Amino acid sequence: MDFNSDTRFHRQLILFNGLLPALLMLLDAWRGRLGANPVEFVTRTTGVLTLVFLVLTLLVTPLRKIFGLNWLLKQRRLLGLYAFFYGFAHLITYIAGDRDWQILTIASDIYKRPFIAVGMASFLLMVPLAVTSTNAMIKKLGGKRWNQLHRLTYVIIIGGVVHYYMIVKSDITYPVAFAIVAAVLLGYRIVASMKKPPNRAVVASK
Amino acid sequence: MPSSPRPSPDEITPEETFNDRRLFMKSAIWAGSGLATAGLYRKFSPRPEVKNNGTAITSITDSAYASALAANDKPNTFSEIAGYNNYYEFSTDKSEVAFRAKNFVTNPWTIEVEGLVQKPRTFDLSDLMKFESFERIYRFRCVEGWSMVIPWVGFPLSKLLNSVEPMSKATHVAFTTYFDIKQMPDSDSAGISLPYVEGLRLDEAMHPLTLLATGLYGKTLPNQNGAPVRLVVPWKYGFKSIKSVVKITLTDREPPTTWNLANPGEYGFYSNVNPTVDHPRWSQSRERRIGEGGTRETLMFNGYADQVASLYAGMDLRKNF
């Protein structure tokens, strides 16, 4: 079995590397090494990891088309689930650290702070994608509809980057870097769809 | 497969060797990817404890100011105070500033005091050390919503200002931070215009709480906290307390201030700590005290209302935020 067909190995590798930052954060929490403001650090790190995994998810198609790395396709849902996992951790950190578990204050916070509204909306859009990430759900929805639904990822990554940009005080380096990467990944899809011959059903894309 | 010649039996890699190689390759990929992931995480995670390498300063404990603190205002640890800094000239990552500012040259140093004064003068470090030093433990509230309690060492700014004799038409004081792109190469991405400038009204500058700090925890200031000398105005948001001061100018108009220039709708000239006036993007009614789990209420004028509220009598603090 060569590398390209060793699906089990790919899965284990991505599982391990995706979980590693969370494990290191837990280790740092345990030895009191999350810095002077642990809530801020965990909030920022889980937020950035959410964006990282969204980017990785959207990288799969171009890497397949350009470099023929077709084995990545089987791992894409796992990458997406990691985006959801870190997004959820980000949300919980906000509820615990910023809201002191006062769930009812979240509504007024969404109203008061537009960047919270954008972040919350982006997270909520990830929920149906996480729920439909099983094989059974793909069968139930059918590949075409499933693919259409999961194009929500495009909206989610834009929301995530805007959310990040809105909270930064003045140093926009990282939000802008994510914005450029997202623009390239989304732009690739626009260009690819324009090159596609008309009247051909979109079946095997993504 | 087309007719490639069959390999002779001794050319075929024995199964054991083949499996060994695969195992080796896999292990290498495991280790390599794990190290890369962990390394990336480490690059962005806070660094360990910061040590106090300053030189001791003799100071008088101002008991009147120490007793102004509430029972639940415990000074933060040195490592918290010196390991979590907003000093955009060095880095916008608060836990990174201490390390990027390590080689910042703060000696020799001079502060030029000029403008509407009878006796303009340039002070060097030994001149500053001639002012009698006090230890003042102040609350410190950052506009971002976190706070600390900090044992500063320094002297009232009024003493320095009185020594240069402000003219009667002087109404404001402008301050400038040192700036040198060679010593502060990461300042390019700060997103604010530099050098950093700040200002106070003259009566604010002359207030007995307003300090020129030269030390922290009984020793000279660490670079990341604004060595060798910085302003401390405890009833205002932290960004008013300008670091590493090189110039003080007395003037007859409100001077420009860096964060106000960067975003006038979010940062006003006064920037007094005020729980009733929210920042456009977040609430200012509560704060996270560094080292504590939850959040606590933010106090009007950061708890110094008794001493400073009279400075703003009759002013609309919503408009003059």
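User: How many residues of chain A are in contact with how many residues of chain B?

Analyst: This is a predicted model, in which local features need pLDDT of at least 70, side-chain atom pairs count only at pLDDT 80 or more, and totals for chains, interfaces and linings use all residues. Residues are numbered from 1 along each chain as its sequence is written, with chains lettered from A and ligands numbered from 1 in the order in which they are written. Two residues are in contact if their C-beta atoms, placed from the backbone, lie within 7 Å. The contact joins 24 residues of chain A to 29 residues of chain B.

User: Which helix gives the most to the side of chain A that touches chain B?

Analyst: Helices are DSSP runs (H or I, at least four residues; strands are E, at least two), numbered from the N terminus. Both α1 (7-30) and α2 (38-67) of chain A supply at least two residues of this side. The one that gives the most, with 8 residues, is α1(A).

User: Are α2(A) and α3(A) roughly parallel or roughly antiparallel?

Analyst: Axes are lines fitted to C-alpha atoms, for helices over the stretch in contact, with angles from 0 to 180 degrees between N-to-C directions. The axes of α2(A) and α3 (residues 76-98) of chain A come within 8 Å and cross at roughly 160°. Angles under 35 degrees count as roughly parallel, over 145 as roughly antiparallel, 65 to 115 as roughly perpendicular and the rest as oblique. The two helices are therefore roughly antiparallel.
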